[in-house]
Structures are given as structure tokens and as C-alpha cells.
Amino acid sequence: MALEGVLDIRSVEQARDALGLWLKQRKARALDVHKLSGLDTPGALFLCELRDKNVELTGVKPEHGVLLDLMGGLERKPLSKPKAISRWRDVVIRIGKGVDDMGHDTLDVITFIGRVVSTLAYVVMHPSRLRPASISRQIAETGINALPIVGLMAIMIAVVIGYQGVAQLRPYGGEDFTINLVAVSVLREMGVLITAIMVAGRSGAAFTAEIGVMKAREEIDALEVMGLDPMELLVMPRLIGLVITLPLLTLFADVMGLFGGAMISHSLLHVAPLQYLDRVREAVETRDLFVGLIKAPIFAFFISVVACMHGLRVRGSAESVGRETTRAVVKAIFLVIILDALFSVLFEKLGL
Amino acid sequence: MNAHHRPSSEPILSATGIVNRFGKQVVHDNISLDVQAGEVLGIAGGSGTGKSVLLRTLTGLHRPNSGKVVLNGKPVESIGPAEKASMIGVLFQQGALFSSLSVAQNVMLPMREHTQLPVAEQEKIAAVKLELTGLSADSALKFPSQLSGGMIKRAALARALALDPRILFLDEPTSDLDPLTASGIDALIRQLNQGLGVTVVIVTHDLTTLFNVCDRVAMLVDKKIIVDTVDKLMHSKHPWIHDLLHSPRAEGAMHARKSSHGIG
């Protein structure tokens with residue numbers, strides 16, 4: 001029996017199939033390979049396996065001999081297999097790990113809040129430690145640059161609520177109350193909620209990524225070696241900046257939301273803008289505005305705490321930055337919505 | 001020095017008239033370079049002389065402003081993905097192992113995409129490639145983040161070898177490694193070159209690699225290229241090449257070569 005042509009990664013399976021029967025037939029066998037014009041490692045591996053099964057290779061060319069000797073000299077141990085875990089055990093392990101992680105996470109957030117508050121108190125007592133330049137840059141980045149998107153979202157949300165309101169209230173002849181619905185829900189809930197979610201996605205992700213990249217490149221360690229506190233230098237300006245920015249953005253979103261309400265009233269209810277303003281003034285009270293605005297700095301605090309914490313948690317590699325950023329955004333949005341629900345209950349109990 | 005060195009035959013890779021510009025800055029000014037089948041060619045040069053750009057040009061990752069690269073008789077940009085994968089393997093400077101795949105999965109990925117081999121065969125071949133590059137069977141299950149610098153280079157080398165390429169491009173294979181590990185990689189390159197007959201192009205500024213592994217060295221100086229054996233380059237009149245090959249570090253590398261090969 002003889003092989004000819006090129007025995008490589010493409011033809012090796014063909015050769016194996018062709019030789020299958022022949023290998024089963026007889027005991028003493030010789031394979032002539034002097035007509036092989038090409039041989040690569042999978043091919044050589046195949047020939048070595050044949051040699052292990054007592055097939056004699058004849059007419060081996062010198063350049064193929066080098067490769068065969070190299071392959072023959074290897075141990076050729078099979079790859080280690082991962083330990084198989086039964087599916088139900090895997091589920092239990094995952095649940096356990098998840099709960100354990102959640103516990104650690106909660107503890108981490110609480111610890112970090114403690115550190116933030118202590119640094120904040122220190123910075124407030126020593127105002128020279130405040131970094132106005134950093135803070136104003138954060139305000140510009142998280143606030144001014146976010147104005148277009150926040151404004152647009154507020155208008156859109158008002159339009160959505162307006163359409164739903166008209167559709168639902170018309171059968172009862174109460175479509176005029178759509179104005180009340182839009183004004184109250186924008187001021188109390190939607191304005192601040194949409195803004196906070198937008199900011200959590202936009203600025204929260206930016207905080208985690210910025211701090212995370214610094215952490216991955218050992219810049220945080222460099223700060224510490226130089227006796228500078230990353231909490232004071234990196235976390236405080238972002239936190240203070242966002243706490244200032246978010247209420248202002250919320251106010252802007254409220255205004256834009258009411259503007260969106262005016263648009264929808266004009267087109268669906270044929271209410272003129274001045275008339276609309278009168279209706280809004282009747283429908284809402286000052287406290288509706290403040291109920292919305294009061295939540296903003298608290299959301300801002302938690303968004304920046306979560307984002308900075310995850311940034312400082314980055315370990316080593318670039319993929320870790322991506323993972324922590326995702327976690328930070330998910331956790332920040334989750335916290336915003338949980339807090340908003342708690343506020344709703346609280347204000348209800350307080351009769352606000 | 002090398003049984004596979006056949007300078008008389010057609011070059012396996014040939015670049016002619018390469019010009020690379022970034023804005024107004026000219027990096028390569030009409031460079032030509034031939035790589036012979038079976039040789040180990042070193043590409044050296046100071047920082048910022050465009051070693052990596054040249055490597056990217058030769059592998060077709062970067063299109064030069066002018067000039068052409070011919071790989072095994074075909075212009076590099078006209079070679080299809082599957083054919084290219086079986087022609088060239090690249091070891092990137094940081095390894096570029098896919099972080100979401102284990103070492104074995106990294107090595108098997110090109111085989112999975114470009115061949116019809118059954119998985120059991122792929123695993124067998126991957127195991128052999130890992131053993132060839134000096135990795136143990138247990139490290140196959142590890143993920144790139146669990147590997148040391150030397151192991152990353154070895155695993156990336158195993159992946160570059162997955163489809164038995166004709167040419168292996170190595171970008172700084174010994175950088176960031178301790179001297180012992182670096183010597184191990186040097187020895188491995190020679191062994192692969194001689195055992196598998198693979199042509200190797202190494203971008204490096206590791207003098208030990210240049211002296212001990214490379215058949216010829218291409219020096220990137222003044223936007224041009226000077227190619228010769230190290231021994232002839234030792235007598236070069238060019239000040240940078242002279243200074244480089246007669247620096248204290250070069251003396252040490254030279255010494256290591258004399259003691260390991262008995263030539264001088």
C-alpha cells in the first residue's frame with residue numbers, strides 16, 4: 001500500500017477513511033510514503049499513529065523524517081477534560097454563588113457609602129480640598145453635554161403619555177384631563193426618572209470606565225504611592241458634580257416635558273399654548289415640582305457611588321473594565337427604580 | 001546554519017517598493033524585502049522606525065501607500081481568508097489570545113472554522129501543538145487571564161501554528177519575558193523552524209534573538225532597509241547598526257552565541 005500526493009490537514013481524513021479497511025485486513029503491514037509530496041503536522045501525526053499500530057513506513061523522505069521524528073518524540077497526551085458536573089448540581093452551585101455574590105455586593109456598597117460619606121465630611125470641613133476645576137469639568141460633561149438627549153427624551157415621554165391619556169380618557173369625555181395627567185406625571189415622576197436613567201447609563205458608564213481604565217493601568221496605585229487619595233481626587237468631584245447636575249437636568253426635563261405636553265395638547269385637543277399654561281397652573285401645585293426635584297440629588301448620589309465603586313473594583317485586564325461597566329449601569333438603574341418606588345410609598349404616607 | 005535555507009529558490013514572500021506614510025511623516029521610503037522559504041529573518045530597528053507597520057504590511061493587515069507584497073506568488077490582498085489562514089500565522093506582541101476561550105479552544109478555533117476535521121481529531125492536533133510549544137496538557141483548560149507572560153506567548157504560538165502555516169510572523173516574541181523564558185522561546189523558534197520547516201519572520205529588538213536565531217537580519221534605518229547576515233552587518237559602516245551591534249548588550253549576545261554554537 002502506498003500514499004501519494006499531499007498528506008495535510010485537508011486530506012488526512014480522506015487518507016484515514018481510505019486506509020481504514022486495509023488496516024483491519026492483515027497483521028504485518030508496510031506503507032510506502034516515498035511519493036508523498038507534502039506533509040504537515042496533522043499528516044505526520046496520522047503516520048505516527050500508524051507507526052504506533054505496527055505499520056512500517058517505507059521510503060520516508062529526509063525532510064519528512066525530521067517532522068516524523070519530531071512528532072514521534074512527543075508524548076502526545078490527550079487534552080485534559082474539564083470536570084463534568086451534573087446539571088442539577090451546577091444549578092445549585094450557581095444559585096449559591098449568586099446569593100453569596102449578592103451578599104458581598106450589598107456589603108461592598110454599604111462599606112463604600114461609608115467611605116464616601118466620611119471623605120465627603122472631611123472635604124466639606126476642609127473646603128480647600130474641594131477641587132472646583134474638576135467639579136466644573138464633571139458638571140460640563142454630565143450636565144451640559146447631556147442637555148440635548150435629556151430634553152428630547154422628556155418631550156417624547158410627554159408625547160407618549162399624552163397619546164395614551166387621550167385614547168383612554170376620550171370614552172369618558174374626559175380627554176381634557178390629559179393635560180393634568182401629563183403635567184402631574186412629568187413633574188412628579190417621569191421627568192426625574194427618565195433623566196436619572198439616562199444619566200445612569202451615560203455618566204455612570206463613563207465614571208466606571210474612566211476610573212476602571214485608570215485602575216487597570218495602575219494609575220490608582222500611582223496616586224496612592226504619591227500619598228493622594230483616589231476617593232478625594234476621583235470620586236468626590238464626580239459625586240459632587242453629579243449631585244449638582246442631576247436636579248438641574250431634571251428641572252430642564254420638566255420644562256421640556258411640559259413643552260411636549262403643550263405640543264400634544266395643541267395637536268390632539270386644540271388647546272392653545274396660553275390656555276395650556278393656565279390649565280397646567282390649575283392642575284399642579286408647587287409641591288408636585290419639589291416632590292420630583294427632591295429625588296434627583298439622592299438618585300445622583302447612588303448613581304455616582306455605584307459607578308465609582310465598580311470602577312475601583314476593576315482588576316487588571318481590559319475585559320474587566322467592560323464587565324464592571326455593565327454591572328455598574330444595571331445596578332444604578334435598578335437602584336434608581338427601587339428608590340423611586342420607595343419614595344412613592346413615603347410621599348403617599350406623608351400625604352404629599 | 002539551517003538545513004531548510006534555500007536562497008537560490010523563488011522567495012516565498014516578496015515586498016517591493018513599499019512606501020508607508022502617516023500624514024506627512026514617511027515611515028518607509030521605497031523598501032524592498034525578499035523572504036526565502038525556510039529561513040529565519042529578523043527585522044530590527046530603533047523605536048518608531050516602523051517595524052510593526054512593516055509586519056502589518058507584510059501580513060496584509062495594513063495596505064501600504066504604494067508598493068506590493070507578494071505571498072507565495074500571489075498579491076497578499078487577493079488571497080482569500082481560508083487560504084491566508086493556512087499560509088501565514090501571526091504571534092502578536094501581547095499574544096492576542098481570545099479571552100473568552102480556553103487555551104485549547106483558542107488553538108482549535110482556526111481548525112474549527114477552516115477544516116472539516118472531527119472534534120476528536122482537532123483536540124488531538126491541538127494537544128500536539130501545545131506540547132510542541134512546551135505547554136502541559138493541564139494548561140489547555142486554562143483561560144488567558146490565568147497564564148503567565150511566557151505561557152501566553154507559547155499558547156499564542158500554538159494557535160499561530162494551528163493550520164501549519166508556511167510563514168510564521170512573530171512580533172516581539174521575547175519582549176516582557178525574563179531572560180530564561182526568553183531563551184526558551186528562542187530555542188523553540190529554532191526547533192519549529194528546523195522541525196516543521198516553517199519560514200519565520202521575527203520583529204524584535206532582542207539582540208540575543210538576532211544573534212542566535214536569525215539567519216538574516218533586516219535593519220530598518222533612515223526609512224530604508226539593509227538586509228544581511230549578522231556577521232556581515234557587524235562590519236556595516238552605518239553608525240546606528242555599528243553602535244547597535246557593538247553595544248555592551250551585543251557583546252553579551254555574541255558571547256552567548258559563541259558558547260552555544262561554537263562559531264564566531
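Q: Quick one before we start. What puts two residues in contact here?
A: Two residues are in contact if their C-beta atoms, placed from the backbone, lie within 7 Å. This is a predicted model.

Q: Okay, which residues does V201(B) contact, leaving aside its neighbours within four places in sequence?
A: V201(B) is in contact with V35(B), L41(B), I43(B), L58(B), I167(B) and F169(B), once neighbours within four places in sequence are left aside.

Q: And which residues touch the most other members of the largest nonpolar core?
A: I43(B), F169(B), V201(B) and I202(B) do. That core has 93 residues.

Q: Which helix gives the most to this core?
A: Helix α5 of chain B, residues 149–160. It gives 7 residues.

Q: What about another core, apart from that one?
A: Another core lies apart, with 59 residues. Among them are V123(A), I179(A), L181(A) and C308(A).

Q: Switching to the two chains. How many residues of each are in contact?
A: On chain B, 23 residues are in contact with 23 residues of chain A.

Q: Which elements give two or more residues to chain B's side?
A: Those are α4 (119–132) and α6 (179–196) of chain B. The largest share comes from α4(B), with 8 residues.

Q: Now chain A itself. At what angle do α7(A) and α12(A) pack?
A: At about 150°, with their axes 8 Å apart. Helix α7 runs over residues 178–216 and helix α12 over residues 318–350.

Q: Why call α7(A) roughly antiparallel to α12(A)?
A: The angle is what makes α7(A) roughly antiparallel to α12(A), because angles over 145 degrees count that way. The crossing of α7(A) past α12(A) is right-handed.

Q: Which residues of α7(A) and α12(A) meet?
A: On the α7(A) side they include L193(A), A196(A), A200(A), G204(A) and T208(A). On the α12(A) side they include V321(A), E324(A), A328(A), A332(A) and D340(A). The residues of this contact divide into 15 nonpolar, 6 polar and 2 charged.

Q: Staying in α7(A), is E189(A) buried or partly exposed?
A: E189(A), which lies in helix α7 of chain A, counts as partly exposed, with 18 C-beta neighbours inside 10 Å.

Q: How many residues apart along the chain are E189(A) and G292(A)?
A: They are 103 residues apart along the chain. Their C-alpha atoms are separated by 6.0 Å.

Q: Next pair of helices. How do α9(A) and α10(A) pack?
A: They pack at an angle of about 120°, with their axes 10 Å apart. The two are therefore oblique to each other. The crossing is right-handed.

Q: Which residues make that contact?
A: L258(A), A262(A), S265(A) and H266(A) of α9(A), and P273(A), Y276(A) and V280(A) of α10(A). By class, there are 5 nonpolar, 2 polar and no charged residues.

Q: And I264(A), buried or exposed?
A: Buried, because I264(A) has 23 other C-beta atoms within 10 Å, and 20 or more is the cut-off. I264(A) lies in helix α9 of chain A.

Q: What is I264(A) in contact with, sequence neighbours within four places aside?
A: A158(A), V159(A), G162(A) and Y163(A). I264(A) and V160(A) are 104 residues apart in sequence and 9.2 Å apart in space, C-alpha to C-alpha.

Q: Last topic, phi. What is the phi of R76(A)?
A: R76(A) has a positive phi of about 55°, although it is not a glycine. Most residues other than glycine have a negative phi.

Q: Where is R76(A)?
A: In the loop between α3 (62–72) and α4 (87–125) of chain A. R76(A) is partly exposed, with 16 other C-beta atoms within 10 Å.

Q: And what about A96(B)?
A: A96(B) has a positive phi of about 55° and is not a glycine. A96(B) is in the loop between β6 (88–91) and α3 (103–114) of chain B.

How values were computed. Residues numbered from 1 in each chain as written. Chains lettered and ligands numbered in written order. Predicted model: local features only at pLDDT ≥ 70, side-chain atom pairs only at ≥ 80, totals over all residues. Axes fitted to C-alpha atoms, helices over the stretch in contact; angles between N-to-C directions. Helix = DSSP H or I, 4+ residues; strand = E, 2+ residues; numbered from the N terminus. Parallel < 35°, antiparallel > 145°, perpendicular 65-115°, else oblique. Left-handed = near helix turned anticlockwise from the far one by under 90°. Nonpolar A, V, L, I, M, F, W, Y, C, P; charged D, E, K, R; others polar. Core = buried A, V, L, I, M, F, W, Y, C linked by C-beta atoms within 7 Å. Buried ≥ 20, exposed ≤ 12 C-beta atoms within 10 Å, placed from the backbone.
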